[in-house]
Amino acid sequence: MSTWNLGSVERIALGEGRTFRAGELEVAVFRTRAGELFATQAQCPHGQGPLADGIVGAARVVCPLHAYTFDLRTGCVTQGACDTLRTYPVEVSSTGEVILHV
Amino acid sequence: MKKKLVVIGNGMAGARLVEELLLRGGKERFDIVMFGDEPYGNYNRILLSNVLAGAHDPKDIFINPLRWYEENNITLHAGVRVVAVDRHAKIVRGDNGGVEPYDDVVFALGSSAFVPRMEGTAQEGVFVFRTLDDCDSILKYIPGRKTAAVIGGGLLGLEAARGLLQRGMNVHVVHLMNHLMELQLDRTAGGILQRTLLQMGLRIHLEKATCEILGQDGAVTGLRFQDGGTLDCDMVVVSAGIRPNTQLAREAGLTVARGIVVGDDLASPDDPHVFAIGECSEHAGKTYGLVAPLWDQARVLAERLSARKPGATYHGSRVATKLKVMGVDLAVMGEREASTENDEEVTYAEAKRGVYKKVIVRDGRIVGAILLGDPEAAPGLVQSFDRGAEVPENRAELLFRLDGGDGRAAASLESLPDEAQICNCNGISKGDILRAVRGGARSLKVLCESTRAGTGCGTCKGDVGALLELAAGDAVVEDPSVHYYVPGVPLPKPELVEEIRARGLTSVSAVFRELAGGKEDTASKPGLASLLKTLWGKEYVDERDARFINDRVHANIQRDATFSVIPRIYGGVTSADQLRKIANAADKYGAKMVKITGGQRIDLLGIKKEDLPHVWRDLDMPSGHAYSKAFRTCKTCVGTDFCRYGVGDSTGLGIAIEERFQGIESPHKMKLATAGCPRNCSEATTKDIGAVATSGGTWEIYVGGAAGSRVRKGDILCTVDSHDSVLRYMGRFMQYYRENAKYLERTYDFVERVGIEEVRKVVVDDVEGIGARLDADIEASVQAYADPWKEVPHVTQFSEKLEPLEPVLARASGE
Ligand SMILES: Cc1cc2nc3c(=O)[nH]c(=O)nc-3n(C[C@H](O)[C@H](O)[C@H](O)COP(=O)(O)OP(=O)(O)OC[C@H]3O[C@@H](n4cnc5c(N)ncnc54)[C@H](O)[C@@H]3O)c2cc1C
Ligand code: SF4
Ligand code: FES
């Protein structure tokens, strides 16, 4: 497992997601309106949709391509039928930076 | 400090209101006091006919016994009649001399039986049929009597007659009109019902006006009619209609028409602390004599009084009711007869079995139905009627369950293999759908959500619904949310708009916070954003995360996650210079395809997201809005500019339209076109809005056309004689559509739902007097337009997509 610093939380717009690359791996990191952070695999398992471009609400993300919907806490699909998303631990450090473990 | 709420009337409406109020925590806000002049708790009045017939014991029909009032700390003055309401002193006076002060008072007085003017009504053996006591007196009088007459062949009269028959009497129904139940039934249905009742043993006398109740020694012996005839009988039940109880309100100085007049807030226009619900009230010129509307009213008023939704409003009820004259199945809804020449009537009659079915269809939707003797068809019809659903092409499917399933469609669906694809957009098979139903998806909405079937172009939704019925049968449930504007906020559009305005909610997050208990719903965000922008214009507080990705980056996401970029080319007219710019951008940013679209624009496909701001800059043309639920394009033909046939300047008009309405947000996309003559080369009659030049210098404006998976020729809105007028009426229609359509409702569904006559009345004839306001509002949106491609790019979207980051700590896993 490796740990990455994504910089200030401001780099992810409130209520949206953003894609980061950690080495070879692409990760979508989300910051909900309630201020929680989540990280998942960047592409939708259904048709490779860019999940960070999806709509986020409460702790869910809706893929922009065909609207499959996932629970960000567990990665489980809540609408549609496809695989579970891989999720990664993410936290904010005492200095206000986003720390991702992959 | 708790306030005091006094409810006058302890019937169906009054008691229901209190129940609804308790459900919403009303006990914390109010001390509740009720008056009821009947000496009981409250009971289900509908079941009185069953009590009369002996099918129910009186004690079985109580909804809330006296104990319930005690347990809920409600003071009930049972058997006390209110004789005065003093609005200045804010007190209510009972006939026992008691006085109750109030902060708010609700009139729920119901109606009284109407007894027409005739002689002899004061004798022993004359009854009305309204209360438990009436029922009791009738039953007590029966022993030793043989023949009863019921005056009035309406629903209640027939119920009474049937009850008396059940008690072994000879029963005559005397009716003034030429067929039974004329308020609900047409003549044929009335005739068939009469036949059924005759077979049961009732005697029926039509077109008979009773002028005297004959008697001897103060007791009934018969009836005398206006035509001179007489009828012997031992008792009479008068059931000639009801009159709302309004005396008390009149004396309190409230406005009373047929009932106590109330507004959408269910309050009297004369006094914000006085409310009226149920049969005694009159809303929008209507009084109701059935329970369904009063349930709606009780709910709305409870929302207001409990302050759960202080802005809740009542907008009238569509009455679809199943009525049961013991042993006769009857459901009626909406209108009784066709009223316009375009109305279709689909009927089936089988007098011998007492079956009659009639459905009135207007513009493809049910506006009324009568179903006699076939209870099975009723639930489906009531549902279609309530939802305003489109009726099947084969109208017979409305009346019959063909092939034992839900019509033809169901039969063929049933035989399909499980792998058969039902939803092509999302690749959902019959098996997927059946599994989801078995897994508990019992409403169409839940089913579509959990499988995604029907959420693409929507054409398969009918099949999905039919499969649901096949698999779930009676367990299908209706979602209240089909009426909501967006699924996550439980309000239909007019109420939602009202709340948003009243509370000054200018951002999507504020709407969730105030109207959805703080619960965000992803599916609702874009719809709310669109609505708020329409309502607030410049005051709208934009939250990027409420926008779909297309609207965040002003381009259309494609299946490989690249974007398609379409610059605006007004009216489809471009120049060599613009074409060079477009060609250069295509080269520079590696467009995978350059395509002429169906709307006469040029599409650059396969652009990478991070290149978008550069493409805009290089193009230096405005955004073509090929994304967004907004006005898109106005397709044109060459009209008088070049065409041999052109009689109108369709190109100039198209450009003017596009310049004016570019980027205007709306419930769904709007595609427009103009044609220089009725040859219609730009297909203007199958667009959301189109204008076609006709000889004589006029333009016909069409609205609600479609050429997608459904084809529909638009309806003519009006004919005008100048470009300016075209722009004015198009703008007015757009604004009307923007304000009234549901989210994602295309103009063709909207125009069908509202009806072109209604649209024309508002938009052209301006019967509501809102024309100038609509013009001003669309003008404000035009003025507020800013080219999104000129916006400062949203940094966190557009900075390079992937950021290689220094691993701060690279550890071995497991450490
Ligand atoms: C026999 C029968 C069968 C029916 N069948 C159906 C049916 O199948 N389907 C259907 O939808 N509807 C049916 N209805 C109609 C339905 O019962 C009424 O629409 C409904 O009861 C109206 O409710 P309400 O609260 O407005 O009036 P009510 O239920 O009549 O309640 C009003 C109460 O206020 C009391 N009151 C009046 N004035 C005062 C005062 N000054 N002080 C104190 N108390 C007062 C009255 O005595 C009464 O108890 C039927 C009605 C009857 C009589
Ligand atoms: S619609 Fe009429 S005016 Fe326009 S191009 Fe066709 S024929 Fe010519
Ligand atoms: S790619 Fe995500 S839903 Fe299809």
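These legends describe close-up views of a predicted model. Residues are numbered from 1 along each chain as its sequence is written, while chains are lettered from A and ligands numbered from 1 in the order in which they are written. Local features need pLDDT of at least 70 and side-chain atom pairs pLDDT 80 or more, whereas totals for chains, interfaces and linings use all residues; side-chain values use heavy atoms, with hydrogens and water left out.

**View 1. The shell around ligand 1.**
Ligand 1 has 32 residues around it. A residue is near a molecule or strand if one of its heavy atoms lies within 4 Å of it. B:Ala13, B:Asp37, B:Glu38, B:Arg130 and B:Glu279 come nearest. By class, the shell holds 16 nonpolar, 9 polar and 7 charged residues. Here Ala, Val, Leu, Ile, Met, Phe, Trp, Tyr, Cys and Pro count as nonpolar, Asp, Glu, Lys and Arg as charged, and the others, Gly among them, as polar. Five elements of chain B each supply at least two shell residues: helix H1 (12-23), strand E2 (30-36), helix H3 (48-53), helix H6 (155-166) and helix H9 (291-305). Helices (H or I, at least four residues) and strands (E, at least two) are DSSP runs, numbered from the N terminus.

**View 2. Polar atoms at ligand 1.**
A polar side-chain atom of B:Arg45 lies 2.9 Å from an oxygen atom of ligand 1. Backbone N or O atoms also face ligand oxygens: the distance is 3.5 Å for B:Ala108 and 2.9 Å for B:Val291. Taken alone, ligand 1 exposes 990 Å², and the protein buries 95% of that. Accessible areas come from the Shrake-Rupley method with a 1.4 Å probe; for residues, only the protein chains shown count as cover.

**View 3. The aromatic pair B:Phe127 and B:Tyr141.**
The whole structure contains 11 aromatic pairs over all chains. In this one the ring centres are 5.4 Å apart and the planes meet at 65 degrees, so the pair of B:Phe127 and B:Tyr141 is edge-to-face. Rings of Phe, Tyr and Trp (its six-membered ring) pair if their centres lie within 6.5 Å; planes under 30 degrees apart count as stacked, over 60 as edge-to-face and the rest as tilted. B:Phe127 belongs to strand E11 (residues 126-128) and B:Tyr141 to helix H5 (residues 132-141) of chain B, so the pair ties together parts that are 14 residues apart in sequence. Both B:Phe127 and B:Tyr141 are buried. Buried means under 20% relative accessible area, exposed over 50%, and partly exposed in between (1.4 Å probe, protein chains only).

**View 4. An aromatic cluster and a charge over a ring.**
B:Phe733, B:Tyr736, B:Tyr737 and B:Phe750 form one aromatic cluster. Elsewhere, B:Arg243 lies over the face of B:Phe114, at 3.9 Å from the ring centre. A charge sits over a ring if NZ of Lys or CZ of Arg is within 6 Å of the ring centre and within 35 degrees of the ring normal.

**View 5. The surroundings of ligand 2.**
Four cysteines are among the residues around ligand 2: B:Cys637, B:Cys643, B:Cys677 and B:Cys681. B:Gly639, B:Tyr645, B:Gly646, B:Gly676, B:Arg679 and B:Asn680 also surround ligand 2. The shell has 5 nonpolar, 4 polar and 1 charged residues. B:Arg679 lies over the face of B:Tyr645, at 3.7 Å from the ring centre.

Chain A has 0 helices and 11 strands. Buried residues make up 57% of its 102 residues. The side chains of A:Asp53 and B:Lys609 are joined by a polar contact of 2.6 Å. Such a contact is a pair of N or O atoms within 3.5 Å; within protein, one must be able to donate a hydrogen and the other to accept it, and residues adjacent in sequence count only if both atoms are side-chain atoms. B:Lys609 sits in the loop between strand E34 (602-607) and H21 of chain B. At 14% relative accessibility, B:Lys609 counts as buried.

B:Gly606 is in strand E34, buried at 9% relative accessibility. Its C-alpha atom is 9.2 Å from that of B:Val594, 12 residues apart in sequence. B:Pro613 is in helix H21 (residues 612-619), buried at 16%.

**View 6. Two loop residues with positive phi.**
B:Lys90 has phi near 55 degrees. B:Lys90 lies in the loop between strand E6 (82-86) and strand E7 (91-94) of chain B, and is partly exposed at 24%. B:Ser628 has phi near 65 degrees. Its loop runs between H21 and strand E35 (631-636) of chain B. At 9% relative accessibility, B:Ser628 counts as buried.
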